[in-house]
Amino acid sequence: MTGPYDSFRDYINALDERGRLLRLPEMDQDQFEATGFAYRMIGELGYHAAPAFRIDRVRTGGRWLDGPVFGNVFPGWLAEALAYGVPASAIGDLAADDRRLYQLTREHLARKLGTDDRWPRIAPHEIGRAEAPVKEVVVTGDDINLLDFPWLQTNPGDAGAYITAGTVFMEDPERGRNVATYRCQVKGPRKLGVNCEIGQHGWIHIQRAKQRGEATVPAAIVLGADPITFSVGTSKLAGFGEDELEIAGGLRGRPVDLVACESSALRIPAFAELVIEGEIPVDEGEEEGPYGEVYGYLGLKKPWNFVMHVQAITHRREPWIVNSFAGVTKLTMSMPQAVANFSRYRKLLPNLVDLYRPVETNGVVLASIDKRLPGEGMSAGQTLAAGDLFSKVVIVVDGDIDLHDKNQVFHALGTRWQPDPASLVIPRTKGFPLDPSAPTRWLTSKMVIDATRQWPAEGGPAQWPAVSRVLLDQQSPGTRALVDRRWSEYWKSWQG
């Protein structure tokens, strides 16, 4: 059965039914076994074929603790097709056809996006405590002990155990709710570090509270929300002052069910696995990090970062814990952001055919265009470089190149691109702050590669030869159907 799902458990069970969940009895994370396993799994199977995995028992901090702990929870485009509700009849038995699942999910979500590039909004709905699974266990006061839960130190260089997939809830009296994902270092039984980067919405909420003369900001860290709510919290779909939960409701097609916190007026997802409630002092902070970031490099130690004092923990019985394994596995679902980006850029670039940011290549953006005039490849690349915070290398190719086929992209680089004059270096512009190569945070250089066929006016050859594969389809139109028909027969004796 496809989603949208009301809970993380329903989603994981759907992956399991599709054969996309690997069960592991136990792992010794004091030996970084789970991290080593994740690296090898992605290395051998790739991002799109590797399954989600569940560890039932884990050793961490010198103790064996019951899980389960989950990793790689968004394995391939099948995961997004299921979570966003692509009809099961359309998915069929295409679990191995990742590219087709990508297109199905993209088309499914594109039908939801408004002409103004806004997702539909559905306001959340509050339910009572008795109906909320996240209230099955309530812990307050001296009974609180964060160390009772199997948080992992993912990398040997990390400062300690971290909550890596928590969705942080805050509210501002004028700007409303903010839902975002920040790493949280486990510092003690009732204390966490909270890393809100300067300029992020959570950081702005804290600064606004400080300006109002408030000493603390109530916050709640939600673990195991439904996959759409979690993914919207990791995205840039909501501007400052927009409610991420309304967008999540629109993508789900129904409201996110909320329940009141124990220690504040905050409302949190009722079907989550675990919620940590507390206060963030606006002026209190301490050393935090280092931490292995999404780029796969150890981030710098921060001499000062926010802390959170825990006032309550509520959770399901035997809660399910997620670890993001940042820098190793895919962290979140990305299709709504991809659909919104394509729609926005298509208005600026009417001849844009496709836009794709491969999971495997941080900072690389691929675009294909239906080139009609000299200079359009370089112009498109500059537009994308200026508008995409995460891009560092923008590669533009002709519309006949499949951006999901790396062989075709690299073939275009090798046969259609001349580094001079079809390259442009932008020496200094806004970039993603976690890029380990950037000498100054928030600043980067960028490069545009125009790998479209260069026309004579752009310094290209007077005439381009025909593409052999295109000639095959044109001059022998029955060949592809013949090979498709006999494909299984060809492989009957294969022992590989």
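Predicted model: local features only at pLDDT ≥ 70, side-chain atom pairs only at ≥ 80, totals over all residues.
Glu318 belongs to the loop between E16 and strand E17 (321-322), and its phi is near 50°, which is a positive value in a residue other than glycine.

Phe325 also has a positive phi, of about 45°, although Phe325 is not a glycine. This residue is found in the loop between E17 and helix H9 (335-348). Is Phe325 buried or exposed? Phe325 is buried, because its relative accessible area of 1% falls under the cut-off of 20%.

## Two cis peptide bonds

The bond from Gly67 to Pro68 is cis, with omega near 5°, and Pro68 lies within strand E3. Gly289 and Pro290 are likewise joined by a cis peptide bond, with an omega of about 5°, but Pro290 is placed in the loop between strand E15 (285-288) and strand E16 (302-315).

Asn72 sits in the loop that runs between strand E3 (63-71) and helix H3 (76-83). With a relative accessible area of 2%, Asn72 is buried.

What does the side chain of Asn72 reach? It comes to 2.9 Å from the backbone oxygen of Pro51. When residues up to four places away in sequence are not counted, Asn72 touches Met41, Ile42, Ala50, Pro51, Ala52, Phe53, Thr329 and Lys330.

Why can helix H8 (residues 244-252) be described as largely enclosed by the rest of the structure? Eight of its nine residues are buried, so the helix is largely enclosed. The buried residues are Glu244, Leu245, Ile247, Ala248, Gly249, Gly250, Leu251 and Arg252.

The two ends of H8 each have a feature of their own. At the start, a side-chain oxygen of Asp243 reaches to within 2.9 Å of the backbone nitrogen of Leu245, and just after the helix Gly253 takes a positive phi of about 85°.

## Strand E9 and its partners

Strand E9 (residues 184-188) is also largely enclosed by the rest of the structure, because four of its five residues are buried. E9 pairs with strand E6 (residues 162-163) in the antiparallel sense over two bridges, and in this pairing Tyr162 has Gln185 of E9 as its bridge partner.

E9 pairs as well with strand E10 (residues 191-194), again in the antiparallel sense, over four bridges. Here Gly188 stands opposite Lys191 in E10, and the two strands E9 and E10 form a hairpin with two residues between them.

Strand E12 (residues 257-260) and E13 run antiparallel and are joined by three bridges, with Ala260 having Arg267 in E13 as its bridge partner.

## Cavities inside the structure

Rolling a probe the size of a water molecule over the atoms shows where empty space is left. How many cavities of 30 Å³ or more does a search of the whole structure find? The search finds six.

The largest cavity has a volume of about 80 Å³, and its lining is made of Phe8, Val73, Phe74, Ala165, Gly224, Ala225, Pro227, Phe230 and Val322. Of these lining residues, eight are nonpolar, one is polar and none is charged. The second largest cavity holds about 60 Å³ of space, and the residues lining it include Asp6, Asp226, Arg252 and Asp257. By class, this second lining has six nonpolar, no polar and four charged residues. Ala225 is listed in both linings, and Arg252 is also among the buried residues of H8.

## The second largest pocket

The second largest pocket has a volume of about 380 Å³. It is lined by 16 residues, of which Asp400, Ile401, His411, Arg416 and Val467 are the closest to its centre. Helix H11 (406-416) and helix H12 (468-475) are the elements that give two or more residues to this lining, and H11 gives the most, with five residues. Sorted by class, the lining of this pocket has six nonpolar, five polar and five charged residues.

Technical notes: Residues numbered from 1 in each chain as written. Heavy atoms only, no water. Buried < 20%, exposed > 50% of the residue type's maximum accessible area, 1.4 Å probe, protein only. Polar contact = N/O pair within 3.5 Å; in protein donor to acceptor, adjacent residues only side chain to side chain. Contact = heavy atoms within 4.5 Å. 1 Å grid on protein atoms, 1.4 Å probe; cavity = no way out; pocket = protein on both sides within 12 Å on 5 of 7 lines; lining within 4 Å. Points joined across faces, edges and corners; volume = space filled by probe spheres on them. Nonpolar A, V, L, I, M, F, W, Y, C, P; charged D, E, K, R; others polar. Pairing = 2+ DSSP bridges.
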